[in-house]
Amino acid sequence: MRFGHAAELRAEFPELVAGVLYGDFGGGGAGGPGGPGGPGGGAELEARIAAYTDVARRRLAEGTEGEFPEVRAWRRTYTRLGLRPTQYRCASESLLRRLRREGSLPRIHPVVDLCNAVSVAYAIPVAVLDVDRVAEPWLQVRRARGDETYTAFGGGDERPAAGEVTFADSSGRAHARRWTNRQSGYSAVGAETRRVLVVAEGVHETAAADVAELTGAVEGELERLWGVAPKAALLTEAGPEFVFAE
């Protein structure tokens with residue numbers, strides 16, 4: 001199984017830095033990451049989520065998310081893609097906006113909740129996908145051809161327009177819309193999830209250092225909270241592909 005960005009996309013956005021992690025939690029259900037009362041739940045997880053969320057709150061106390069360099073860089077990227085950046089926001093901006101307005105983050109699944117908290121702390125979009133819902137042998141961030149199928153969280157299928165940046169697997173299924181705007185409900189992590197792929201992407205000036213730090217933070221949390229030893233990598237122009245789940 002492979003993950004990477006199309007060469008054409010990397011050439012168009014050379015500032016892109018991506019950190020990726022693959023984690024195998026063993027059995028799903030009650031014994032997996034989403035099981036009630038299972039590993040990774042309880043007070044320790046809540047404390048870690050709160051710690052990362054507090055980092056974001058401190059930043060928001062000094063200015064809105066639209067002023068953050070990480071968010072501003074994604075807005076510029078969306079403009080280059082021909083999108084209105086205040087209509088289609090990267091995932092981290094949307095979470096920060098919700099945190100500022102409502103004072104809390106959505107609760108979806110323990111692993112996703114943790115990654116959302118890390119995302120707002122670093123203001124960098126983080127995707128979490130159920131690997132078993134991704135068609136082998138590859139998942140690639142590329143421009144859509146126009147024949148891909150995307151399943152929304154609320155149900156119903158959509159077709160990303162040709163040229164839109166998406167996460168597409170080898171079967172032609174799209175697992176994201178507008179790059180880092182929103183993920184697909186098809187590969188969303190749930191109670192039966194056993195294997196996850198975590199992807200963090202930055203395009204701001206200090207992305208190389210920040211994405212590396214974020215990736216290390218998630219790696220440490222997965223090991224601490226769930227006893228998982230993730231496989232992780234920082235993708236570069238010289239090493240643009242992540243091979244996992246061999």
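The lining of the largest pocket holds 16 nonpolar, 5 polar and 3 charged residues. Here Ala, Val, Leu, Ile, Met, Phe, Trp, Tyr, Cys and Pro count as nonpolar, Asp, Glu, Lys and Arg as charged, and the others, Gly among them, as polar. This is a predicted model, in which local features need pLDDT of at least 70, side-chain atom pairs count only at pLDDT 80 or more, and totals for chains, interfaces and linings use all residues. Residues are numbered from 1 along each chain as its sequence is written, and side-chain values use heavy atoms, with hydrogens and water left out.

A pocket is found on a 1 Å grid over the protein atoms alone: it is an open set of points where a 1.4 Å probe fits, with protein on both sides within 12 Å along at least five of seven lines, and its lining residues have an atom within 4 Å of a point. The volume is the space filled by probe spheres set on the points, which are joined across faces, edges and corners. For the largest pocket this volume is about 550 Å³. Its lining has 24 residues, and those nearest the centre are A91, I108, N116, F153 and Q183. Two or more lining residues come from each of α4 (91–102), α5 (110–122), β3 (126–130), β10 (182–183) and β11 (195–202). The largest share, 4 residues, is that of α4. These helices (H or I, at least four residues) and strands (E, at least two) are DSSP runs, numbered from the N terminus.

Two of the strands named above, β3 and β11, also belong to an open sheet of 4 strands, in the order β3-β11-β2-β12, with antiparallel pairing. Strands pair if DSSP finds at least two bridges between them. At the edges are β3 and β12 (231–235), each of which pairs on one side only. From one strand to the next, the twist averages 15 degrees. Between β3 and β11 there are 5 bridges in the antiparallel sense, and V128 has V198 in β11 as its bridge partner. Helix α5 lies across β3 and β11 and runs at about 165 degrees to β3. Such angles run from 0 to 180 degrees between N-to-C directions, with axes fitted to C-alpha atoms, for helices over the stretch in contact, where contact means heavy atoms within 4.5 Å.

The loop between α5 and β3 contains A123. Phi of A123 is near 60 degrees, a positive value in a residue other than glycine. Further along, P137 lies in the loop between β3 and β4, and the peptide bond from E136 to P137 is cis, with omega near 10 degrees. As background, most residues other than glycine have a negative phi, and most peptide bonds are trans.

The second largest pocket has a volume of about 170 Å³. Its lining is made of 13 residues, with G4, H5, A6, Q140 and E241 nearest the centre. At least two lining residues come from each of β1 (2–5), α1 (7–12) and β4 (138–143), and β1 gives the largest share, 4 residues. By class, the lining has 6 nonpolar, 3 polar and 4 charged residues.

Strands β1 and β4 pair in the parallel sense over 4 bridges, with H5 opposite V141 in β4. Strand β4 is also joined by 5 bridges to β7 (residues 165–169), and these two run antiparallel. There, L139 stands opposite D169 in β7.

The structure also holds 7 aromatic pairs. Rings of Phe, Tyr and Trp (its six-membered ring) pair if their centres lie within 6.5 Å; planes under 30 degrees apart count as stacked, over 60 as edge-to-face and the rest as tilted. One of the pairs is F13 with W179, whose ring centres are 5.4 Å apart and whose planes are at 70 degrees, so the pair is edge-to-face. Because F13 lies in the loop between α1 and β2 (17–24) and W179 in the loop between β9 (176–177) and β10, the pair ties together parts that are 166 residues apart in sequence.
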